[in-house]
Amino acid sequence: MVLNLYLSKMKAGKTIDIGFANVEIYEHYIISTINEGVTFGETHLSTLFDIFALHYGDRPFISIANRAHDYTIDPTMFKRDKYPSLLAIGVVCHTEASKEIAKFERTFYDGTFEIFDTIEDAKSWAAETLQAH
C-alpha cells in the first residue's frame with residue numbers, strides 16, 4: 001500500500017529531447033533513452049550531469065537507462081565519473097545482446113547497478129530502493 005502511494009507520486013514527469021537522447025524526469029528518478037547509433041562519451045555524460053544538478057541537486061535519485069536502441073558507451077566512465085547523489089543505476093534491456101553488454105558494464109560500476117526486462121520493473125525497483133534509503 002505504501003509502495004503504491006510512493007509509485008503514484010513518482011508517475012508525473014516531463015520528457016525532454018536533449019539531442020542525443022530523450023530523458024523523462026520524475027521526482028526521484030530519471031529515465032534516459034539514448035538514440036540509435038550514438039557513441040556516448042564524456043560530453044554526453046556531462047550533459048546528463050547538468051540535468052541531474054538542475055533537477056535533483058543533492059537529493060538522492062536513481063537513473064534508469066532504457067536500452068531501446070543500439071549505441072556505444074565507454075564502460076570505464078562508470079569507474080571515473082559518478083554523480084554524488086545518484087543512489088543506483090537501473091538498465092532496461094530489450095535484447096539478450098543488450099543484457100550481456102549491461103552485465104559487462106556492471107563490472108565497472110562501484111555501486112548498485114541492476115538489470116531489468118521492463119520499464120515497469122525498473123520503476124518498481126526504483127521506488128523500493130528510494131523508500132529503503
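User: What volume does the largest cavity have?
Analyst: Keep in mind that this is a predicted model. By the rule used here, the count comes to one cavity of 30 Å³ or more. For the largest cavity, the volume is about 300 Å³.

User: Which residues lie nearest the centre of the largest cavity?
Analyst: The lining of the largest cavity is made of 22 residues. By type, they divide into 17 nonpolar, two polar and three charged. Nearest the centre are Leu-45, Ser-63, Ile-73, Phe-78 and Ile-89.

User: Which element gives the largest share of that cavity's lining?
Analyst: Several elements supply at least two residues each: β3 (29-34), α2 (42-55), β5, α3 (77-80) and β7 (86-93). Four residues of the lining make up the largest share, and they come from α2.

User: What is Ser-63 in contact with, leaving aside its neighbours within four places in sequence?
Analyst: One of the residues near the centre of the largest cavity, Ile-89, is also on the contact list of Ser-63.

User: Let's move to Glu-105. What is its relative accessible area?
Analyst: Glu-105 belongs to helix α4, residues 96-106. Anything under 20% is called buried. Glu-105 is buried, as its relative accessible area is 2%.

User: Which side chain does Glu-105 join in a polar contact?
Analyst: Not counting residues up to four places away in sequence, Glu-105 touches Arg-67, Ile-73, Pro-75, Phe-78 and Phe-113. There is a polar contact of 2.7 Å between side chains here, and the partner of Glu-105 is Arg-67.

User: Now the open side of things. Which residues are closest to the centre of the largest pocket?
Analyst: The largest pocket has a volume of about 180 Å³. It is lined by 13 residues, and the closest to the centre are His-69, Asp-70, Tyr-71, Ser-98 and Ile-101.

User: Which element gives the most to the lining of the largest pocket?
Analyst: Two or more lining residues come from each of β6 (72-73) and α4. The lining as a whole divides into five nonpolar, five polar and three charged residues. With four residues, the element that gives the most is α4.

User: Zooming out, how many helices and strands are there, and what is the radius of gyration?
Analyst: The protein has five helices and eight strands, and from the N terminus they run α-β-β-β-β-α-β-β-α-β-α-β-α. For 133 residues the globule rule gives 14 Å, and the model comes close to that, so the protein is as compact as a globular protein of that length. Its radius of gyration is 14 Å.

User: What box do the C-alpha atoms fill?
Analyst: Taken along the principal axes, the C-alpha atoms fill a box of roughly 40 × 30 × 25 Å. Within the protein, buried residues make up 46% of the 133. To come back to the box, the answer is roughly 40 × 30 × 25 Å.

Terms used
Residues are numbered from 1 along each chain as its sequence is written. This is a predicted model: local features need pLDDT of at least 70, side-chain atom pairs count only at pLDDT 80 or more; totals for chains, interfaces and linings use all residues. Side-chain values use heavy atoms; hydrogens and water are left out. Contact means heavy atoms within 4.5 Å. Buried means under 20% relative accessible area, exposed over 50%, partly exposed in between (1.4 Å probe, protein chains only). A polar contact is a pair of N or O atoms within 3.5 Å; within protein, one must be able to donate a hydrogen and the other to accept it, and residues adjacent in sequence count only if both atoms are side-chain atoms. On a 1 Å grid over the protein atoms alone, a cavity is a set of points where a 1.4 Å probe fits but cannot get out, and a pocket is an open set with protein on both sides within 12 Å along at least five of seven lines; lining residues have an atom within 4 Å of a point. Grid points are joined across faces, edges and corners, and a volume is the space filled by probe spheres set on the points. Ala, Val, Leu, Ile, Met, Phe, Trp, Tyr, Cys and Pro count as nonpolar, Asp, Glu, Lys and Arg as charged, and the others, Gly among them, as polar. The radius of gyration is taken over C-alpha atoms; the globule rule is 2.2 Å times the number of residues to the power 0.38.
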